[in-house]
Amino acid sequence: MAGRAAVSLLALVLLAVMATATAHLPLTTYVGDRQVPLVLLAVATVALLLPPTMARSRGRFAVLAVLALAWPVPELAGWSLASLELRTLAEATTPVVAALAVVAVLPAGPSNPRARAVGRLVLLGAFTAAGARLVLVDPFLDPRCWRTCDHNPLLVAPWQTAGGALLIAGTAAVAGGAVAAVWLRSRRAVRSSGGRADREGVGTLLCAAALLTGTAGAAVLRLVVRERADSPAYVLLFVLAQLGAAGWALSELRSPVRQWWLGVRLHRLAGAVCSSPPPGSLAQVLRRALCDPVLEVLYWAPGREEYVDPAGHPATPPRDREGRRTTLVARQGQPVAALVHAPSLDGASLDRTLGAALRLALANEQLRAANLAELAELRSSSVRIVERAELERRRLERNLHDGAQQRLVSLALLVRMLLVQSSDVRAVQLAERAALLTRLAVEELRRVARGIYPAVLSDGGLAAALHDVAESSVDLPIQLRSVPQGRYSRAVETTVYLVVAAAAKDARSGRAGSLRIVGEERAGALHLELLHDSPCDRAVAVRELDDQVRALSGVLDVERSSDGTVVHLRLPCAS
Amino acid sequence: MRVLIADDTALIRSGVTRLLQESGIDTVGEAGDAGQLLALVRATRPDAVVVDIRMPPTHTDEGLVAARTIRRQHPGVAVLLLSQYLDSSYAMRLLQDGTAGVGYLMKDEVARASTLSDALHRVVSGECVVDPAIVRRLLGRARGQNPLDALSAREREVLALMAEGHTNGALCRLLSLSPKTVESHVGHVFSKLGLLDEGDGHRRVLAVLAHLRQDGSG
């Protein structure tokens with residue numbers, strides 16, 4: 001902090017000296033009698049004062065602060081009405097300002113040795129060029145001079161050739177550094193956006209390029225062409241530099257401002273979390289807080305050793321993928337959740353910013369999601385049990401029909417041959433009895449197979465099977481008022497069928513006069529109502545199916561009605 | 001008469017073949033599954049095919065599907081479907097494309113004397129055959145308000161025979177009645193059931209079966 005204060009103080013003193021020195025002068029920059037360039041300069045200068053306040057390291061703060069303060073120097077102090085000393089000083093500042101801009105634009109951070117090397121080289125070149133211009137070069141001594149020919153009052157030694165060479169070399173180093181900075185910056189922008197250039201990255205890069213072209217370009221141009229307020233090349237470079245500086249400074253602010261805003265919202269979010277939001281809504285709250293409408297929150301389910309979504313469904317393991325980044329959140333060393341968010345959000349700082357309350361809320365949601373996952377597993381396991389029982393029924397039915405029954409029919413055919421070929425009366429009588437017994441056996445077998453599993457259920461669906469239940473009833477009139485006509489999962493079709501068959505059995509045992517069935521598919525579930533006029537306590541067979549209905553997340557209710565019993569069945573059927 | 005037999009059990013195929021031989025009906029080919037059957041129909045152009053409803057690969061209703069395909073692609077080939085199912089819904093599925101030259105017979109009836117050959121003769125001559133067991137089941141089911149109660153015993157007989165696919169001529173023969181009497185019985189049945197008299201045509205079977213399949217609850 002002391003360093004920052006010292007640098008700020010020094011910069012303020014410099015500005016004050018410069019302001020005093022130029023106070024008596026009319027404004028003599030590109031402004032001339034126009035106001036637009038002055039406004040540009042003012043905006044850029046103010047904008048450049050902002051990034052230092054967000055700098056993370058002391059060195060970067062120094063660079064940004066000096067850049068901000070030195071920024072207007074070449075423009076305001078360098079013109080014809082100022083004293084010769086100030087003009088020389090201002091002209092010498094030109095490569096330094098360009099070099100500071102290069103260092104400011106270079107990708108920051110200690111992990112980038114190439115950027116550091118470029119920064120050092122550029123600063124060395126700038127100070128070399130500035131020093132040479134200040135003390136070694138006097139254009140007035142140059143017999144060939146016909147351009148930048150003001151007398152240098154600060155001249156120490158008139159080493160014209162050596163000074164000129166140092167000036168050119170230093171400026172070249174700054175210009176080379178500017179090109180390298182833009183290149184390094186563009187590579188980083190491409191890498192951080194996962195190979196695709198995003199609009200924000202391109203904008204920052206364009207601003208930086210404009211800033212560096214304006215400053216370094218002007219430094220180079222000054223070696224060749226005398227600076228004049230009405231020279232189109234200088235005016236163009238001036239405008240580029242001001243616009244680039246303002247744009248770059250504002251884009252540098254974007255990330256810290258966003259981080260600050262994120263902190264504010266997370267803080268508010270923590271408050272909201274303390275007032276316990278509805279279960280499962282934390283992801284929605286985070287999406288709003290982080291302004292990321294497709295943000296995903298996945299929770300670690302310890303029992304299953306995998307990540308699940310807030311509803312407990314298995315999720316693809318969180319990892320960085322195209323355009324998304326993943327931040328893992330842990331609590332007391334245990335994984336809690338994974339946030340899959342936009343790459344513009346810095347994962348490490350997001351993790352830092354999450355408050356204790358939010359972490360606790362995430363842990364609560366994690367518990368809930370993990371429980372839901374367990375529940376879902378339990379449900380699907382009971383569905384599988386129902387399905388397996390159903391498959392077993394079908395297998396038995398098929399074995400009876402395609403095995404035993406085929407053999408019995410073959411046997412009947414053989415007996416028939418016997419009948420035709422035999423002439424013995426006794427043998428014919430026996431064969432006729434055998435034929436009768438075989439036919440009875442086939443009929444019996446058919447009835448048994450049908451009781452195990454009605455083939456019409458898988459061939460024709462629920463409607464056909466219920467129709468057949470009604471058609472085969474000889475003692476109890478069964479009226480089908482309406483029947484769901486669609487095809488559903490085997491487990492669902494079989495369960496509905498079994499409930500209807502059980503209700504028919506109960507109605508028969510209670511000597512009901514009729515059974516009425518009303519059914520429909522509504523809102524992803526089958527709704528059936530079975531009414532019969534026998535006592536409610538006789539509904540034994542239906543009640544036995546309660547577990548099977550529950551296994552499929554359905555509800556089975558048996559109630560007393562005004563004229564007997566009513567069975568309500570609701571079975572989810574969304575496939 | 002030239003007949004094709006399709007069943008996945010060889011024992012049944014040979015049994016049925018011999019049974020038909022006794023009745024003077026030639027078997028021109030045997031198929032073990034639906035694909036083989038369709039190829040044989042194209043190759044041999046039989047008068048009729050006898051198809052088991054359950055055939056490989058799923059053993060559910062492959063035979064029914066094959067029978068309907070044959071009716072569509074070869075209208076000149078009569079089809080007799082042998083089934084294990086009493087459910088009228090299977091018979092309705094077979095008959096819905098047209099009833100002429102189509103039959104639905106319970107499989108365990110094939111061993112009965114002359115049942116199979118009679119049915120074959122009827123479908124080859126363009127009639128419709130529905131197994132009496134299925135009609136009995138439809139007539140015998142419990143109903144709330146039973147419109148069949150209004151019919152006399154003779155009229156119920158006439159209704160059953162119509163549902164089995166018999167023509168008026170066959171009714172005269174089977175019931176030993178004069179054509180005029182049969183026509184008057186048929187007229188009574190239709191008016192008592194509130195049905196439109198479709199005449200002696202092929203639509204009559206479907207109309208009668210559809211009426212019988214209703215549960216009578218109005």
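The model is predicted. Chain B holds ten helices and six strands. Of its 218 residues, 57% count as buried. The chain exposes about 8500 Å². Carbon and sulfur atoms supply 52% of that area. Contacts in chain B were also sorted by separation in sequence. Among those between residues at least 6 apart, 66% join residues at least 24 apart.

The six strands of chain B form an open sheet. Their order is 2-1-3-4-5-6, and the pairing is parallel. Strand 2 (26–31) and strand 6 (128–130) are the edge strands of this sheet in chain B. Each of these two pairs on one side only. From one strand to the next, the twist averages 20 degrees. Within the sheet, strand 3 (residues 48–52) and strand 4 (residues 78–83) of chain B pair in the parallel sense. Five bridges join them. Asp52(B) has Leu82(B), in strand 4 of chain B, as its bridge partner. In general, strands of a sheet pair through backbone hydrogen bonds.

Two helices of chain B lie across strands of this sheet. Helix 2 (residues 34–44) of chain B lies across strand 1, strand 2 and strand 3. The angle between helix 2 and strand 2 of chain B is about 145 degrees.

Further along chain B, helix 7 spans residues 153–163. Its buried residues are Glu155(B), Val158(B), Leu159(B), Ala160(B), Leu161(B), Met162(B) and Ala163(B). The cover over these buried residues includes strand 6 of chain B. It also includes helix 6 (132–140), helix 8 (168–175), helix 9 (179–193) and helix 10 (203–213) of chain B. Just after helix 7 of chain B comes Gly165(B), with a positive phi of about 100 degrees.

Chain A contains an open sheet of five strands. The order is 5-6-7-9-8, and the pairing is mixed. The edge strands in chain A are strand 5 (478–482) and strand 8 (555–561), and each pairs on one side only. The twist of this sheet averages 15 degrees from one strand to the next. Strand 6 (residues 515–522) and strand 7 (residues 525–532) of chain A pair in the antiparallel sense over eight bridges. Val518(A) stands opposite Glu529(A), which belongs to strand 7 of chain A.

Helices also pack on the sheet of chain A. Helix 15 (residues 455–471) of chain A lies across strand 5 and strand 7. Helix 15 runs at about 150 degrees to strand 5 of chain A. Helix 16 (residues 490–509) of chain A packs on the sheet and touches strand 5, strand 6, strand 7, strand 8 and strand 9 (564–572). The direction of helix 16 makes about 10 degrees with that of strand 7 of chain A.

The two chains meet in an interface. Chain B contributes 43 residues to the contact, and chain A contributes 36 residues. Interface size is often given as the accessible area lost when the parts come together. Here, chain B and chain A bury about 3300 Å² between them. Of this buried area, 49% lies on carbon and sulfur atoms. Seven salt bridges are found across the interface of chain B and chain A. Arg137(B) forms a salt bridge with Glu471(A). The closest N and O atoms of this pair are 3.2 Å apart.

Methods
Residues are numbered from 1 along each chain as its sequence is written. Chains are lettered from A and ligands numbered from 1 in the order in which they are written. This is a predicted model: local features need pLDDT of at least 70, side-chain atom pairs count only at pLDDT 80 or more; totals for chains, interfaces and linings use all residues. Side-chain values use heavy atoms; hydrogens and water are left out. Two strands pair if DSSP finds at least two bridges between them. Helices (H or I, at least four residues) and strands (E, at least two) are DSSP runs, numbered from the N terminus. Axes are lines fitted to C-alpha atoms, for helices over the stretch in contact, and angles run from 0 to 180 degrees between N-to-C directions. Contact means heavy atoms within 4.5 Å. Buried means under 20% relative accessible area, exposed over 50%, partly exposed in between (1.4 Å probe, protein chains only). Accessible areas come from the Shrake-Rupley method with a 1.4 Å probe; for residues, only the protein chains shown count as cover. Buried area is the accessible area (1.4 Å probe) that two parts lose on being put together, summed over both. A salt bridge is a side-chain nitrogen of Lys or Arg within 4 Å of a carboxyl oxygen of Asp or Glu.
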